[in-house]
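Please examine the sequence and the three-dimensional model shown below.

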Amino acid sequence: MLNHEILFKRPHLLEAFLFCEREFFLETMGVYNQDNTPMRIGDNYHEKRTKPHSYAIKVDKINWERNELIEIKKRTIGEGAIMQTYLYLKMMQNYSSKIKRAVITSVEKHQKIMLIYPDSDLEKKLTIIFDKINHMEKIPARKEKKGLCGKCSLFDYCWVD
Ligand code: SF4
């Protein structure tokens with residue numbers, strides 16, 4: 001059974017969860033498939049779960065004068081980017097209570113989204129996500145169509161029989 005606490009150690013997994021729950025599940029197990037390297041299950045999972053991760057929050061920039069996190073996205077700002085940035089903001093409260101704002105900027109779309117901590121709607125969404133993770137008992141099904149998988153590194157794992 002998974003525990004949502006893993007998101008506080010590896011917050012980037014939140015974006016994976018929102019893209020594909022199966023990818024999230026496999027990544028928490030340390031499954032990867034790169035350059036035909038045989039997949040490894042177990043040691044990576046064990047190591048990541050037992051060693052404290054010193055650099056869990058990886059933001060693009062911090063504007064210290066404005067007490068603001070800055071996240072830069074190349075293309076459209078999706079739900080995954082919003083929720084992940086909000087999770088960073090939430091985690092930052094353990095380090096600096098002054099940083100309560102984040103700006104996500106899309107370079108290609110000239111789009112900006114501002115997040116303020118705390119946000120009751122985003123907190124509710126996070127609670128739903130945490131709950132889903134805590135009740136995830138088996139590997140989720142793959143997506144309905146290959147075309148929805150984009151450039152997922154686990155494509156062969158899921159689709160090559
Ligand atoms: S290949 Fe597709 S179904 Fe499989 S983990 Fe990746 S996104 Fe999910």
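In this predicted model, the buried residues of α5 pack against helices α1 (6-9), α2 (13-19) and α6 (120-134), and also against the strands β2 (68-73), β3 (101-106) and β4 (111-116). The buried set within α5 comprises Ile82, Met83, Gln84, Thr85, Tyr86, Leu87, Tyr88, Leu89 and Met92. Helix α5 itself covers residues 79-92, a run of 14 residues. From the first C-alpha to the last, α5 reaches 20 Å, close to the 20 Å expected at 1.5 Å a residue. An α-helix has 3.6 residues a turn, so residues three or four places apart point the same way.

Helix α5 lies across β2, β3 and β4, and its direction makes an angle of about 155° with β2. The sheet is open and has four strands in the order β1-β2-β3-β4, with mixed pairing. Its edges are formed by β1 (61-63) and β4, each of which pairs on one side only. From one strand to the next, the twist averages 25°.

Strands β2 and β3 pair in the parallel sense, over six bridges, whereas β3 and β4 pair in the antiparallel sense, over six bridges. Which residue of β3 stands opposite Ile72? It is Thr105. On the β4 side, Thr105 has Lys112 as its bridge partner. Another bridge to β4 joins Val103 with Met114. In a regular strand the side chains alternate between the two faces of the sheet.

Between β3 and β4 the chain forms a hairpin, with four residues between the strands. Within this hairpin, His110 takes a positive phi near 50°.

A further point of interest lies elsewhere in the chain. His12 is found in the loop between α1 and α2, and the buried residues of α5 pack against both of these helices. The C-alpha atom of His12 is separated by 6.7 Å from that of Gln84, although the two residues are 72 residues apart along the chain. Is His12 buried, partly exposed or exposed? Because it has 15 C-beta neighbours inside 10 Å, His12 counts as partly exposed; a buried residue would need 20 or more. Gln84, by contrast, is among the buried residues of α5.

Conventions. Residues are numbered from 1 along each chain as its sequence is written. This is a predicted model: local features need pLDDT of at least 70, side-chain atom pairs count only at pLDDT 80 or more; totals for chains, interfaces and linings use all residues. Helices (H or I, at least four residues) and strands (E, at least two) are DSSP runs, numbered from the N terminus. The expected span of a helix is 1.5 Å times one less than its number of residues. A residue is buried if 20 or more other C-beta atoms lie within 10 Å of its own, exposed if 12 or fewer, and partly exposed in between; C-beta atoms are placed from the backbone. Two residues are in contact if their C-beta atoms, placed from the backbone, lie within 7 Å. Two strands pair if DSSP finds at least two bridges between them. Axes are lines fitted to C-alpha atoms, for helices over the stretch in contact, and angles run from 0 to 180 degrees between N-to-C directions.
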